[in-house]
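The following exercises concern the two-chain model displayed below.

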Amino acid sequence: MIKVVELYKSFDSKKVLLGVNLEVNRGESMVVIGGSGSGKSVLIKNIIGIMTPDRGSVLIANVDITKIKENELNEVRKKFGMLFQSSALFDSLSVWENVGFGLRQHTKMSDKEIKEISSEKLRMVGLVGIEDLMPSDLSGGMRKRVGLARAIAMNPEILLYDEPTTGIDPIMADVINELIIEMKKKLKVTSIAITHDIVSAYKIADRIAMLYNGEIIEIGTPEEIKNTKNPVVKQFITGSAVGPITV
Amino acid sequence: MFRIFELIGSYVKPFLLEIGGVVLLFMNILRWLVRPPLGLRNILKQLLEVGVRSTTVVLITAVFTGMVLALQSYTGFKRFNAEAFMGTVVALSMTRELGPVLTGIIVAGRAGAAMAAELGTMKVTEQIDALYTMATNPVKYLIVPRFLAGVLMLPALTVLADIIGIVGGYFVGVVILESNPTVYISRTKDYLELSDIYHGLIKASFFGMAISLISCYKGFNAEGGAEGVGKATTGAVVISCMTILISDYFLSAWLF
C-alpha cells in the first residue's frame with residue numbers, strides 16, 4: 001500500500017533522511033519510533049507529499065507521488081487522513097465545520113448533510129454536543145479527538161498520526177490509543193503513526209520501525225522490538241540516558 | 001575586495017529572494033484565480049473583513065483630513081486672496097492623492113496586519129499543512145479571496161473617503177470659516193474632472209493588490225512560532241506602507 005524507497009531529504013547542510021526504506025502493507029498499523037529531531041515528521045510529510053524529497057520515491061498504491069502533478073497528487077491525498085501533533089484545527093471554523101471541511105471542499109453536500117456526517121464522526125471518537133463550539137473552547141484531548149474525527153471524515157484508506165499522544169495526560173493518551181485501534185478495526189485502514197511514546201507504540205502497532213541517523217535501523221513486531229539485540233533500539237525503548245545514543 | 005562583494009551580496013540576496021517569492025506568489029494567485037470553484041463564501045468573508053470592517057476608521061480619517069486641508073488651504077490662500085479655491089484644493093487633494101494613499105495605509109495597518117498574523121499563525125500551527133493533506137490548495141483557499149478583497153475593496157473605500165473628505169472640507173470652509181457655499185461648490189465642480197477620480201481609484205486598486213500580496217506572502221512564509229508571526233506582521237505593515245508611498249510617486253507620474 002505504501003512503499004518508501006531510498007528517501008533522502010536535507011535542509012541546507014542538515015541531512016535529515018539518508019536513504020529511508022519502509023513498506024507498509026494494506027490494513028497494517030506501522031509505528032515509526034525515533035528521538036526528537038530524528039526526522040519522523042519529515043518522513044511523514046514526504047509520505048503525504050507536503051514535502052518533496054531530494055531523492056528517492058514514495059509509492060502510494062503503486063503511484064509514485066514524487067513524480068506526479070499537483071492535481072494528481074490531490075487525488076492521491078483524498079485517500080489520506082492525517083492527525084497532526086497540534087491537531088491543526090482551523091481556528092476560524094467551528095468544530096463541525098472543521099470535521100466537515102473535506103466534504104465541503106470536495107463534495108456537493110448541503111451544510112445540513114455535512115453537519116450530520118460530522119456529528120456521526122464526532123460520535124465515533126466519543127464526542128457529543130460540541131458541534132457548534134470553536135476549537136479554542138476545547139481541551140487538548142478534545143482537540144486531538146476532533147482532529148481524528150476530521151481525519152476520518154472522508155473515509156480514508158490511509159491514516160497518518162503525527163505524535164498522537166504527545167501533550168495530553170496518560171489517561172487521555174490511552175483513550176487516543178484505543179481510538180486508533182478502533183479505527184483500524186472498524187474502518188480497515190492502513191496507518192502510519194510516528195511517536196516517541198513507547199507504551200503507545202506497543203499498543204497500537206502491528207510492526208514498529210526505528211528511525212535513527214536518517215535511516216530505518218530496525219523493523220519488527222512489538223515482541224521482536226522488545227527483544228531486540230540492537231543497542232540503539234534497546235536504549236531507546238528502555239529510555240536510558242546511557243548508551244550509543246548521545247544527546 | 002571580495003569582502004565588499006560578499007557584504008553587498010548578503011544584503012541584496014535576501015531582498016531579491018523576497019521579490020522573487022512575491023512575484024511567484026502573484027503568478028500562483030493568477031493561476032488559481034481563474035480555476036473553479038470560485039469559493040464565494042470565503043470571498044464574501046474577506047470583502048467584509050477588508051472592506052466593511054475598515055469603513056469606520058477610513059471615514060474618520062478622511063473627514064478630518066478634508067477638514068484640515070480646508071483649514072490649511074484657507075490660511076495659505078488668504079495671504080494672496082485666493083481662498084475661493086479652497087474647495088478645489090480639498091477636492092483635488094482628496095481624489096488624486098490623499099483618498100487612495102490614506103485608505104491604503106489604514107487598510108495596510110488594519111487588514112494587512114490581520115492577514116499576515118492569521119496566515120502566519122496558521123503556518124506555524126500546521127493549519128496550512130492540514131489544508132494540503134485535505135487536498136485543498138492554500139493559495140486558492142486562503143490567498144485568492146484576500147487578494148480579491150484588497151483589489152476590490154480599496155477603490156470602494158477610497159470612493160467613500162473622497163466623498164466624506166470633501167464633505168469635511170465643505171463643513172470647515174462654509175460652516176466654520178463662513179465661505180460662500182455657492183462659490184465653494186462651483187469651484188469644486190469646475191476644476192474637478194472625472195479622470196482625477198478614476199486615476200485615484202486605479203491607484204487604490206494597485207495599493208489593495210500590493211497590501212494583500214505582501215501581507216499574504218509574509219504570513220505564508222512565517223517561521224518559528226509567536227516571534228515569527230510577530231516579525232511577519234511587522235514586516236507586512238512596514239513593507240506595504242513603503243510600497244504604497246513609493247509606488248504612489250511612480251503611479252502619479254504615469255497617470256497624471
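**Exercise 1. Describe the surface and overall form of chain A.**

Step 1. The accessible surface of chain A amounts to about 11100 Å², and 51% of it belongs to carbon and sulfur atoms; such areas come from the Shrake-Rupley method with a 1.4 Å probe, and for residues only the protein chains shown count as cover. The model is predicted: local features need pLDDT of at least 70 and side-chain atom pairs pLDDT 80 or more, whereas totals for chains, interfaces and linings use all residues. Residues are numbered from 1 along each chain as its sequence is written, chains are lettered from A and ligands numbered from 1 in the order in which they are written, and side-chain values use heavy atoms, without hydrogens and water.

Step 2. Chain A has 10 helices and 10 strands, where helices (H or I, at least four residues) and strands (E, at least two) are DSSP runs numbered from the N terminus.

Step 3. For 247 residues, a compact globule would have a radius of gyration near 18 Å, and the 18 Å of chain A agrees with this. The radius is taken over C-alpha atoms, and the globule rule is 2.2 Å times the number of residues to the power 0.38.

Step 4. Of the 247 residues in chain A, 52% are buried; buried means under 20% relative accessible area, exposed over 50%, and partly exposed in between (1.4 Å probe, protein chains only).

**Exercise 2. Identify the nonpolar cores.**

Step 1. A nonpolar core is a set of buried Ala, Val, Leu, Ile, Met, Phe, Trp, Tyr and Cys residues joined through side-chain atoms within 4.5 Å. The largest such core has 88 residues, and Leu22(A), Leu43(A) and Ile143(B) are among those with the most contacts inside it.

Step 2. Helix H6 (residues 138-176) of chain B supplies the largest share of this core, 13 residues.

Step 3. Leaving aside residues up to four places away in sequence, Ile143(B) touches Leu25(B), Ile29(B), Leu119(B), Pro138(B), Cys216(B) and Phe220(B); a contact means heavy atoms within 4.5 Å.

**Exercise 3. Characterise the interface of chains A and B.**

Step 1. Chain B contributes 20 residues to the contact and chain A 25.

Step 2. The two chains bury about 1900 Å² between them, 52% of it on carbon and sulfur atoms; buried area is the accessible area (1.4 Å probe) that two parts lose on being put together, summed over both.

Step 3. Glu126(B), Thr133(B) and Met134(B) supply 30% of the area that chain B buries against chain A, more than any other three residues.

Step 4. Three salt bridges cross this interface. Lys45(A) and Asp129(B) form a salt bridge at 3.2 Å, N to O.

Note on methods. A salt bridge is a side-chain nitrogen of Lys or Arg within 4 Å of a carboxyl oxygen of Asp or Glu.
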